[in-house]
Amino acid sequence: MLICPKCKEKLNIEGRTYTCVNRYCYDTAKSGYVNLLLANQMNSALPGDNKLMVQARKAFLDKGYYAPLAEALCRTVSEYASKGCKILDAGCGEGYYTEKIAVACPDAEIVGIDISKNAADYAARRTKAVKFAVGSVFHLPVADGSCDVLTTLFAPYCGEEFQRVLKDNGIMVMVIPAERHLWQLKCAVYDEPYLNEVKDFALDGFELLKRETVTGKIDLPCNEDITALFSMTPYYYKTSAEGQQRLSELDTLTTEIGFEVLVYKKL
Ligand SMILES: [Zn+2]
């Protein structure tokens with residue numbers, strides 16, 4: 001599935017090095033991921049989540065708070081993953097969900113791609129059953145028409161690129177926050193919280209096959225977990241000093257969580 005980001009030819013692995021027919025080489029890092037992000041595809045020197053954010057996310061997810069989502073996701077992906085099929089997790093982060101997919105689909109070939117080197121490093125340490133690469137979802141280092149299933153969780157959406165890498169009739173499983181996801185957390189931080197906007201699910205070039213809403217409640221027993229959760233949200237950087245102050249004073253919190261698991265077929 002992986003291709004050379006420079007010439008777009010197939011990559012072959014020889015020992016610890018990926019090589020294309022034009023002899024461009026990409027060494028795997030000690031943990032096992034390969035960096036296929038070209039300098040001109042970066043928007044900063046160290047794109048994506050930094051090490052502290054990755055660690056906070058990993059610590060939070062490993063406590064199982066989002067296990068109901070992982071279960072629903074794996075159930076859905078297994079439904080569409082036939083033996084030997086190729087699965088791409090686009091924007092895989094530190095690999096929490098990718099690893100669960102690998103466990104649920106042991107016969108599949110799975111690739112996870114994230115723009116953060118730190119995230120790819122943690123992901124590669126999680127599981128050897130998945131090939132992890134650093135890359136942009138807007139320039140996926142993945143061959144045309146090579147994926148049976150593509151998963152995208154809370155990650156940037158790039159319809160054209162996802163269309164390109166999917167096989168005809170390929171499946172895209174997308175996860176987005178539901179309307180009341182983290183409602184009580186937002187109420188605790190903001191004077192005027194607003195619900196998540198749930199848009200029309202129609203996407204160009206895809207047919208929506210299925211929608212499953214996963215909801216639950218989680219009890220966060222300490223500020224560390226509350227802060228970690230908040231840092232995983234897009235509101236993190238937009239919060240006022242007052243909001244940050246309120247957040248730092250929260251010792252416990254019970255909040256609703258909610259996710260839309262959407263299954264699309266490439267048209
Ligand atoms: Zn090449």
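User: Which residue in strand 9 is the bridge partner of Thr151?
Analyst: The bridge partner of Thr151 there is Val173. Please keep in mind that this is a predicted model, where local features need pLDDT of at least 70, side-chain atom pairs count only at pLDDT 80 or more, and totals for chains, interfaces and linings use all residues. Residues are numbered from 1 along each chain as its sequence is written.

User: What makes strand 8 and strand 9 a pair?
Analyst: Two strands pair if DSSP finds at least two bridges between them. Strand 8 (147-153) and strand 9 (166-177) have six bridges and run in the parallel sense, so they meet that rule. The strands themselves are DSSP runs of E with at least two residues, while helices are runs of H or I with at least four, and both kinds are numbered from the N terminus.

User: How is strand 9 joined to strand 11?
Analyst: Seven bridges link them, and the two run antiparallel. Ile176, for instance, stands opposite Glu260 in strand 11.

User: Why are strand 4 and strand 10 said to stand at the edges?
Analyst: The open sheet has eight strands in the order 4-7-6-5-8-9-11-10, with mixed pairing. Strand 4 (34-35) and strand 10 each have a single partner strand, so one side of each is left without a neighbour in the sheet. For strand 4, the pairing is with strand 7 (residues 130-134), parallel and over two bridges; Asn35 has Val134 as its bridge partner.

User: Leu182 and Phe154: why is Leu182 called buried, and why is Phe154 called partly exposed?
Analyst: Count the other C-beta atoms within 10 Å of the residue's own, all placed from the backbone: 20 or more means buried, 12 or fewer means exposed, and anything in between is partly exposed. Leu182 has 24 such neighbours, so it counts as buried. Phe154 has 15, so it is partly exposed.

User: What makes the phi of Phe154 and of Leu182 worth a look?
Analyst: Most residues other than glycine have a negative phi. Phe154, in the loop between strand 8 and helix 5, has a positive phi near 50°. Leu182, in the loop between strand 9 and helix 6, has a positive phi of about 65°.

User: How do you know that the span of helix 1 agrees with what it should be?
Analyst: The expected span is 1.5 Å times one less than the number of residues. For the twelve residues of helix 1 that gives 16 Å, and the end C-alpha atoms are 16 Å apart, so the two agree. Among its buried residues are Val54, Phe60 and Leu61, and the buried residues pack against helix 3 (96-104), helix 4 (117-126) and helix 7.

User: How do you know that the radius of gyration agrees with a compact globule?
Analyst: Taken over C-alpha atoms, the radius is set against a rule of 2.2 Å times the number of residues to the power 0.38. With 267 residues, the rule gives a value near 18 Å; the protein has 19 Å, so the two agree. Of those residues, 42% count as buried.

Terms used: Contact = placed C-beta atoms within 7 Å. Axes fitted to C-alpha atoms, helices over the stretch in contact; angles between N-to-C directions.
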